[in-house]
Amino acid sequence: AYAPDGRTIAFSAEDPSSDGDREIFRATLDAAGALVNLSNSPGPDDAPAWSPDGRRIAFQSQRAGSWDVYVMNDDGAAATPVVDGAADDVSPSWS
């Protein structure tokens, strides 16, 4: 997912340094190409979606058992569940 500024992406990929869980990463598209693991949590994280202002990222996570939607700051801080229940909640988007 491209950030609103068009210079940064967020994506989900398997973290080779962990037990194979998918994590949310941020990468810049400039020559430096800095790669940052934003979610770094137990359980898979997937489907990042940038907020319209580029300051937050919504994503789905299975860290609590079922799939739930979370929101975190663009630096990975303050990951907070938006919905939390027994049913799976997936494919977050902003409106």
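Because the structure is a predicted model, local features were taken at pLDDT of at least 70 and side-chain atom pairs at pLDDT 80 or more, whereas totals for chains, interfaces and linings use all residues. Residues are numbered from 1 along each chain as its sequence is written, and side-chain values rest on heavy atoms, with hydrogens and water left out.

Strands are DSSP runs of E with at least two residues, numbered from the N terminus, and two strands are taken to pair if DSSP finds at least two bridges between them. In general, the strands of a sheet pair through backbone hydrogen bonds, in either a parallel or an antiparallel manner. The antiparallel strands β2 and β3 are joined by 3 bridges, and N37 in β3 is the residue opposite F25.

A further open sheet has 4 strands, again with antiparallel pairing, in the order β4-β5-β6-β7. Here β4 (45-50) and β7 (80-81) are the edge strands, each pairing on one side only. Between the antiparallel strands β4 and β5 there are 4 bridges, and A49 has A58 in β5 as its bridge partner. The hairpin of these two strands has 5 residues between them, and in it G54 takes a positive phi near 75 degrees. Strands β5 and β6, which also run antiparallel, are joined by 6 bridges, and I57 is partnered with M72 in β6.

A pair of aromatic rings is described by the distance of the centres and the angle of the planes. Rings of Phe, Tyr and Trp (the six-membered ring for Trp) were paired if their centres lie within 6.5 Å, with planes under 30 degrees apart counted as stacked, over 60 as edge-to-face and the rest as tilted. By this rule the model contains 2 aromatic pairs. In the stacked pair of F11 and F25, the ring centres are 5.7 Å apart and the planes form an angle of 20 degrees. This pair links distant parts of the chain, since F11 belongs to strand β1 (residues 8-14) and F25 to strand β2 (residues 22-28), 14 residues apart. Solvent exposure was classed by relative accessible area (buried under 20%, exposed over 50%, partly exposed in between, for a 1.4 Å probe and protein chains only). F11 is partly exposed at 27%, whereas F25 is buried at 9%.

F59 and Y70 also form a stacked pair, with 5.7 Å centre to centre and 25 degrees between the planes. Because F59 lies in strand β5 (residues 56-61) and Y70 in strand β6 (residues 68-73), the pair ties together parts that are 11 residues apart in sequence. Both F59 and Y70 are buried. The charged end of R63 sits over the ring of Y70, at 4.7 Å from its centre, the criterion being that NZ of Lys or CZ of Arg is within 6 Å of the ring centre and within 35 degrees of the ring normal.

W50, in strand β4, is buried with a relative accessible area of 10%. Its contacts (heavy atoms within 4.5 Å), leaving aside neighbours within four places in sequence, include A1, Y2, T8, R26, I57 and W94. The W50 side chain reaches the backbone oxygen of A1 at 3.1 Å. W50 and M72 are separated by 22 residues in sequence and by 9.9 Å in space, C-alpha to C-alpha.

S12 in strand β1 is likewise buried, at 13% relative accessibility. Its side chain makes a polar contact with the side chain of D46 at 3.1 Å, and a polar atom of this side chain lies 2.9 Å from the backbone oxygen of D45. A polar contact is a pair of N or O atoms within 3.5 Å; within protein, one must be able to donate a hydrogen and the other to accept it, and residues adjacent in sequence count only if both atoms are side-chain atoms.
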